Amino acid sequence: MKTVRGIAVSHGIAVGRALVISRWESDLPRYRIAPADVRSEFRRFWRARRQARDEIGTLREKAARELGDKYASIFDAHLMILDDRSLGRETMGRIRDDLLNAEWALAKTVKRLLAAFAGVDDPYIRERGGDISDVHTRLQRILALESNREEGILELEEDTVIVAPSLLPSDALWLHQPRIVAFVTEQGGKTSHTAILANALEIAAVLGAEGVTEMVEQGDELIVDGFHGTVIVAPTAEEKDSRLRERARLEQLEAAFEMDRGPVRTTDGVELVLRGNVEFLEEVKTLHRVGASGVGLYRSEFLFLATAPRLPDTDQHFEAYCRLARELEGQPVVIRTLDLGGEKYFNDVLDSGEPNPVMGLRAIRFCLKRPDIFRTQLRGLLLAAAEYPNIRIMIPMISGLEEWREVRAMVAGVREELEAEGHRIPPVPLGPMIEIPAAALVVDALARESDFLSIGTNDLQQYTLAVDRGNRSVAYLNDPWHPALLRLLREIILAARRREIPVALCGEMASEPLGALTLLGLGLREFSCNPVMVSEVRSILRRCSEKAARRVVSEAMGLPTGKEIREHLEAAFGGLVEAVLGPSLTEDVGDGHQDSPRC
Ligand code: PEP
Ligand code: MG
């Protein structure tokens with residue numbers, strides 16, 4: 001038995017067999033085969049094609065069911081490419097004549113096809129290159145999986161833990177299947193998009209587990225503890241037993257949290273609002289189950305990922321937002337405009353040559369550079385808001401007032417255009433995300449011209465501390481208790497209070513017990529959490545007095561380092577957190593020796 005340590009990012013403990021995926025994109029296996037192996041290499045290629053066809057068919061059905069027929073047609077294009085004669089013939093020719101293994105032969109064929117497509121003048125045909133790349137990635141993944149293990153991703157027969165260098169948000173579609181119970185990656189941090197994905201899928205995950213793809217063998221039994229960030233390889237019977245008992249205890253605890261409904265009010269009567277962060281429409285079910293009061297952040301880039309490489313048109317935007325707003329039955333739904341770019345979101349519309357994408361053309365910067373894409377989204381949003389008054393529009397990565405005014409002018413322009421076409425568009429609340437330190441420092445000016453503010457601590461932390469949120473090597477510096485960050489948060493909340501506009505927080509900090517208590521003490525009233533964390537956060541906030549939280553946090557803010565602040569907060573809140581969650585969940589956030597909560 002050995003233990004690999006990583007970063008705890010999700011809710012849950014899972015047991016399964018390892019499926020190590022280390023060669024999808026890089027390290028393509030390239031070798032010559034013996035003439036006698038030509039037929040078996042053909043068979044590998046045919047099997048991969050058959051499986052890709054099944055996968056695409058399944059995705060097509062899923063897309064048609066969840067997103068409508070227009071999305072499903074993307075997969076028709078993929079099926080046509082897969083069955084295209086030149087792809088098959090040329091690949092098989094290279095296997096037979098050049099004696100290349102299937103992966104290499106396929107990659108060479110695709111390279112030639114892509115070059116041919118890139119040279120075509122017609123932009124529609126050129127765009128089809130994106131579809132070819134997509135199909136190619138799928139085939140290579142299937143071939144890699146098959147050579148790793150004689151089994152495909154849709155034919156998993158036992159509970160499986162995916163072990164990979166990294167995963168992308170776009171991997172969500174295939175990860176979302178019952179046999180995949182957890183994932184472990186080498187890259188990624190607590191607030192990375194892969195962590196967000198794990199929570200959206202409601203599966204256990206440990207990220208930043210350096211060297212895990214080397215340490216774990218194919219088929220090893222693994223226990224993935226998403227609470228504590230540990231992966232136990234080949235556990236003993238006793239260890240397995242004890243973790244399974246712990247899991248049962250946590251499941252009971254969670255069921256008890258979910259029963260603990262009713263208004264979210266502190267012990268001294270302060271009313272709080274708990275909403276959820278959503279990436280997939282399916283998560284709305286969880287929001288209803290846990291009794292959240294609406295969506296505080298819908299990450300609309302997931303809609304773009306679902307249609308990639310095509311971009312959603314106005315109707316697709318409109319339909320998706322209407323569906324979300326309808327399913328929320330009148331509760332507020334804050335839809336964030338496109339936040340593509342940065343370290344994790346890929347799309348062919350982005351320039352892959354960006355030298356430093358986290359600081360580059362991301363989110364609103366990209367949208368202002370590509371008004372065609374942004375205006376299409378705004379049209380869909382405003383039309384949906386005309387049908388569903390619970391929609392609010394939020395803009396990511398605003399850095400200052402000039403940029404904010406430019407966005408407001410653009411929204412006003414799209415509104416006028418729609419009204420000139422005969423639509424009646426009511427006023428729609430519009431607010432910036434405060435997630436860049438510059439915006440936090442001029443928040444008073446922004447608040448004056450906004451309907452609401454929403455704080456994105458994942459990015460605010462990344463940019464304040466200059467720590468890439470997905471980079472394991474600097475994860476130790478990613479300190480949510482750094483006084484600089486807490487001071488910025490205090491100023492943002494105060495500015496909104498002064499202008500009497502709502503301020504919410506939708507970063508991961510609101511989903512952490514200690515984080516939520518700290519935010520309460522900073523004066524926050526609206527929290528937007530991972531849907532799976534809503535019940536837990538509610539149970540904690542309902543047992544605390546706002547006055548006591550303010551006192552504790554104000555004492556903590558007088559301390560000069562993140563370590564001292566954290567220790568102070570743990571000493572004060574640890575007892576309460578432990579009383580609600582039990583000792584095992586608090587062991588990595590507190591000393592667990594508090595006799596009674598001070599709150
Ligand atoms: C944030 O930055 O805190 C946030 C909520 O947005 P995202 O995680 O999608 O960047
Ligand atoms: Mg952000």
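A residue counts as buried when its relative accessible area is under 20% and as exposed when that area is over 50%, with partly exposed in between. Keep those cut-offs at hand for the stops below, and bear in mind that this is a predicted model.

**Whole chain**

Start with the protein chain in cartoon view. It has 24 helices and 16 strands. Of its 599 residues, 59% count as buried. For contacts between residues at least 6 apart in sequence, 70% join residues at least 24 apart.

**The magnesium ion**

Select ligand 2, the magnesium ion, and show the side chains of E435 and D459. Both residues coordinate the ion, E435 through OE and D459 through OD, at 2.0 to 2.1 Å. E435 sits in the loop between β13 (430–434) and α16 (437–441), while D459 belongs to helix α18 (residues 457–465), so the pair ties together parts of the chain that are 24 residues apart in sequence. Are these two residues, E435 and D459, buried or exposed? Both E435 and D459 are buried. Water is not among the atoms, so a metal site may look incomplete.

A466 is placed in the loop between α18 and α19 (483–499). Its phi is positive, about 55°, although A466 is not a glycine. Most residues other than glycine have a negative phi. A466 counts as exposed because its relative accessibility is 69%, and the cut-off for exposed is over 50%.

**The loop between α3 and α4**

Now select L99. L99 lies in the loop between α3 (85–98) and α4 (102–118). Here too the residue is not a glycine and has a positive phi, near 55°. How exposed is L99? With a relative accessible area of 22%, L99 is partly exposed.

**Helix α5**

Finish at G129, which is found in helix α5 (residues 123–148). G129 counts as buried because its relative accessibility is 10%, and the cut-off for buried is under 20%. Which residues does G129 touch, leaving aside those up to four places away in sequence? Show L114 and F117: G129 touches both. The C-alpha atoms of G129 and A116 are separated by 9.1 Å, and the two residues are 13 apart along the chain.

Terms used. Residues numbered from 1 in each chain as written. Chains lettered and ligands numbered in written order. Predicted model: local features only at pLDDT ≥ 70, side-chain atom pairs only at ≥ 80, totals over all residues. Heavy atoms only, no water. Helix = DSSP H or I, 4+ residues; strand = E, 2+ residues; numbered from the N terminus. Buried < 20%, exposed > 50% of the residue type's maximum accessible area, 1.4 Å probe, protein only. Contact = heavy atoms within 4.5 Å. Donors = N, O, S within 2.8 Å, 3.2 Å for Na, K, Ca; no water.
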